[in-house]
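Student: I have a model open and would like to learn how to read it. Could we go through it feature by feature?

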Amino acid sequence: MTMVRSYNPPFDEAVERGNVWAGANQTTVTTQAGLSVTTPALTLAALMAGGKRVKIWYVSAVGLIAPTAAATVWAAMGGSGIADPSTATAGTVRNLKTGAAALPGGAGLYSVATLPAVPVAIGQLGAQLTGIITTVPVVAPFERWYNGALWLAPGFNFSIQTSTATTLFCEYIFEIVDL
């Protein structure tokens, strides 16, 4: 595998150590309206008993189906060391150095999950409008680089949530490190 330099030395070093992963929904997920414990668009978790911390480098979301009402797309954080996400369907991941397709213990990426508690919005990623796809022929993703500055301690999770039920594809780039 060839490493593509990002001109961000901390990111390049993390990739070189083999700690950086990318994951995305392979199919869309229809979110609930508002911050919710059920069906967030994509959930990343630092598992309670895993002995790992998750550092988020990048998040994005894109919607191809118009919601019934305009929607705010939030970056949300939840948990408090009480429980891991449950009824979870594992998401698809790849290690950016090796191409490995399985996460090491201590972290989970879920395309469908039930969260242990309602998360709080910590960032606005964008807004989705109600126009049909033919009215906006190019759909830009809602995205944000956190550059490894957003850390999840064991028992905490990160998800993309929406103010109105909508259908999204999401992507995360994240690093898994020892405590």
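Predicted model: local features only at pLDDT ≥ 70, side-chain atom pairs only at ≥ 80, totals over all residues.

Student: Which residue does Asp178 meet in a salt bridge?

Tutor: The general idea is a side-chain nitrogen of Lys or Arg within 4 Å of a carboxyl oxygen of Asp or Glu. Here the side chains of Lys52 and Asp178 meet, at 2.4 Å from N to O.

Student: Which residues are linked with Glu175 in a network?

Tutor: Salt bridges link Arg17, Lys55 and Glu175 in a network. The Lys55 part has its closest N and O atoms 3.7 Å apart. Because Lys55 lies in strand S4 and Glu175 in strand S12, this pair ties together parts that are 120 residues apart in sequence.

Student: Are Lys55 and Glu175 buried or exposed?

Tutor: Apply the cut-off again. Glu175 has a relative accessible area of 2%, so Glu175 is buried. Lys55, at 17% relative accessibility, counts as buried too.

Student: Let me step back to the fold. How many helices and strands does the protein have?

Tutor: Its secondary structure comes to one helix and 12 strands. Read along the sequence, the pattern is α-β-β-β-β-β-β-β-β-β-β-β-β.

Student: What does the radius of gyration say about the overall shape?

Tutor: Compare the value with what a compact globule of that length would have. For 179 residues this would be near 16 Å, and the protein has 16 Å, so the two agree. Along its principal axes, the C-alpha trace spans about 45 × 40 × 25 Å.

Student: How much of the protein is buried?

Tutor: Buried residues make up 45% of the 179 residues.

Student: What should I look for in the interior?

Tutor: In soluble globular proteins, nonpolar side chains tend to be buried together. In this model the largest nonpolar core has 27 residues, and those with the most contacts inside it include Leu44, Ile56, Leu152 and Tyr172. Several strands each supply at least two residues of this core, among them S3 (43-46), S4 (52-65) and S12 (167-178). Strand S12 gives the most, with five residues. Apart from this core lies another, of seven residues, including Val15, Trp57, Tyr58 and Ile173.

Student: Which residues does Tyr172 touch?

Tutor: Leave out residues up to four places away in sequence, and the list includes Trp21, Leu44, Tyr58, Leu109, Phe158 and Ile160.

Student: How many aromatic pairs does the structure hold?

Tutor: There are five aromatic pairs. To read one, check the distance between ring centres and the angle between planes; over 60 degrees counts as edge-to-face. Phe11 and Trp145 form an edge-to-face pair, 6.0 Å centre to centre with 90° between the planes. Phe11 lies in helix H1 (residues 9-17) and Trp145 in strand S10, so this pair ties together parts 134 residues apart in sequence. Phe11 is buried at 9% relative accessibility, whereas Trp145 is partly exposed, at 45%.

Student: How are the rings of Phe158 and Tyr172 arranged?

Tutor: Their centres are 5.5 Å apart and their planes are at 75°, so that pair is edge-to-face. Phe158 is in strand S11 and Tyr172 in strand S12, 14 residues apart. Both Phe158 and Tyr172 are buried.

Student: Which residues do ring pairs link into a cluster?

Tutor: The cluster is made of Phe11, Trp57, Tyr58 and Trp145.

Technical notes
Residues numbered from 1 in each chain as written. Heavy atoms only, no water. Core = buried A, V, L, I, M, F, W, Y, C linked by side-chain atoms within 4.5 Å. Buried < 20%, exposed > 50% of the residue type's maximum accessible area, 1.4 Å probe, protein only. Helix = DSSP H or I, 4+ residues; strand = E, 2+ residues; numbered from the N terminus. Contact = heavy atoms within 4.5 Å. Phe/Tyr/Trp six-rings, centres within 6.5 Å; stacked < 30°, edge-to-face > 60°. Rg over C-alpha atoms; globule rule 2.2 N^0.38 Å.
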